[in-house]
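Please open the structure in the viewer and follow the stops below in order. Each stop names what to select and then describes what is found there.

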Amino acid sequence: MEFVTVALIVLGVLLVAAAVALVAPRLRRRELPPTPRRPVEEAPPAAPEEVVAPPEEAVAPPEEAVAPPEEAVAPPVLERPEPPAGRMVRLRGRLARSQSVGRGLLRLLTRERLDEDAWEEIEETLLSADVGVEATTELVERLRERTRVLGTRDPGQLRELLTEELLAVLDPSLDRSLNTASQNGMPAVLLVVGVNGSGKTTTCGKIARVLVAEGRTVVLGAADTFRAAAVDQLVTWGERVGAEVVRGPEGSDPGSVAFDAVRRGVDAGVDTVLVDTAGRLQNKVGLMDELGKVKRVVEKHGPVAETLLILDATTGQNGMEQARVFTEVVNVTGVALTKLDGTAKGGIVIAVQRKLGIPVKLVGLGEGPDDLAPFDPRQFVDALIGEDA
């Protein structure tokens with residue numbers, strides 16, 4: 001019995017031990033706080049791989065564009081016009097190329113017999129040379145009388161006789177000087193008038209050269225505003241001799257430009273102001289009236305010293321009509337005859353003076369810049385007749 005009791009006790013102990021062994025781990029798990037679940041850390045996105053550029057070559061900074069050194073602009077070389085004295089000598093050679101009135105007359109006068117036919121030829125020679133009817137009649141009568149009294153056929157004596165008569169018709173006593181000197185601080189104002197095509201603007205530029213050659217200071221007024229080419233042409237003439245040119249916009253009022261030119265001349269203290277007016281047709285009343293307006297505007301500064309009419313020597317009696325109309329609008333004080341070379345016969349010089357009483361003061365001998373000369377009656381007659389007679 002005791003054995004059974006001990007066996008039961010042992011069995012009970014074993015059962016208790018087995019139960020404890022089974023329950024103890026579970027109790028232990030409950031006591032322990034649950035282990036926090038560690039969050040799974042996401043790996044940060046991989047940084048983009050830096051693209052390693054190849055080492056740059058050392059680039060030199062761009063060179064600044066270095067402007068070439070400015071060349072010193074040399075002032076324009078001014079021309080030295082030829083002195084006016086002696087220019088008329090060239091006229092002899094120019095007229096030698098033409099059948100001038102003097103040579104024609106001398107050939108007729110030295111004939112063996114001076115009958116009526118010869119005198120009619122002399123008269124025709126004078127008329128065809130644009131001497132004019134009145135001057136021709138007077139000259140023929142005087143030649144008739146003197147050759148009859150002289151009673152000689154000697155060429156030398158007849159040449160001298162013809163020279164004297166032509167000089168008398170040209171009237172050497174006329175004042176042919178240009179009034180270009182300033183007075184009382186005011187410059188002398190010269191208006192240059194004429195029709196387009198007569199060489200007006202060119203002659204204006206050549207007059208400036210004559211004055212500069214004589215030591216005068218000059219301002220040019222480009223009042224021919226209706227022709228841009230005329231303004232540019234005058235500017236070129238002025239630049240060549242260092243003369244200032246006053247100009248206005250194309251088509252501007254000619255009187256305004258003329259007024260400004262004279263005012264500039266006064267401010268600059270020059271000797272002479274040359275005003276190139278717009279080319280006028282002598283049969284256009286409105287244009288001629290405007291020319292009179294230009295003269296009146298200029299005279300607000302003071303009196304006009306000279307009004308020069310430019311005539312083309314080749315136009316003959318048409319030039320006489322131009323001269324007559326211009327004298328009715330402005331007080332023409334002198335005439336400048338252009339193109340008096342191998343083309344013109346020279347008689348227009350006599351006609352202008354005899355008909356209008358206006359002295360020829362300047363003559364154009366050619367196209368060169370210094371082919372404008374003060375008119376000398378004696379040299380002109382010698383050139384007409386020639387040395388070989």
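**A charge over a ring**

Begin by selecting Arg240 and Trp237: the charged end of Arg240 sits over the ring of Trp237, at 5.1 Å from the ring centre. The model is a predicted one, and every stop on this tour should be read with that in view. As for aromatic rings, a search of the whole structure finds one aromatic pair.

**The sheet**

Next, switch to a cartoon view and display the strands. Eight strands make up an open sheet, and their order across it is S3-S2-S4-S1-S5-S6-S7-S8, with mixed pairing. Select strand S3 (244–246) and strand S8 (372–374), which stand at the edges; each has a single partner strand, so one side of each is left without a neighbour in the sheet. From one strand to the next, the twist averages 25°.

In general, the strands of a sheet pair through backbone hydrogen bonds, in either a parallel or an antiparallel sense. For one example, select residues 334–338, strand S6, together with residues 360–364, strand S7: the two pair in the parallel sense over three bridges. Within this pairing, Leu337 stands opposite Val363 of S7.

**The largest pocket**

Now select Ser198, Gly199, Thr202, Thr338 and Lys339. Among the 20 residues that line the largest pocket, these lie nearest its centre. The volume of this pocket is about 320 Å³. Which helix gives the largest share of its lining? Select residues 200–213, helix H7, which contributes five residues. Coloured by class, the lining of the largest pocket shows two nonpolar, eleven polar and seven charged residues.

**The second largest pocket**

For the last stop, select Gly132, Val133, Gln317, Met320 and Lys355. They lie nearest the centre of the second largest pocket, which is lined by 14 residues. Display helix H5 (133–150), helix H11 (317–329) and helix H12 (347–356) as well, as these are the elements that give two or more residues to the lining of this pocket. Its volume is about 260 Å³. By class, its lining has seven nonpolar, two polar and five charged residues.

Technical notes
Residues numbered from 1 in each chain as written. Predicted model: local features only at pLDDT ≥ 70, side-chain atom pairs only at ≥ 80, totals over all residues. Heavy atoms only, no water. 1 Å grid on protein atoms, 1.4 Å probe; cavity = no way out; pocket = protein on both sides within 12 Å on 5 of 7 lines; lining within 4 Å. Points joined across faces, edges and corners; volume = space filled by probe spheres on them. Helix = DSSP H or I, 4+ residues; strand = E, 2+ residues; numbered from the N terminus. Nonpolar A, V, L, I, M, F, W, Y, C, P; charged D, E, K, R; others polar. Phe/Tyr/Trp six-rings, centres within 6.5 Å; stacked < 30°, edge-to-face > 60°. Lys NZ or Arg CZ within 6 Å of the ring centre and 35° of its normal. Pairing = 2+ DSSP bridges. Axes fitted to C-alpha atoms, helices over the stretch in contact; angles between N-to-C directions.
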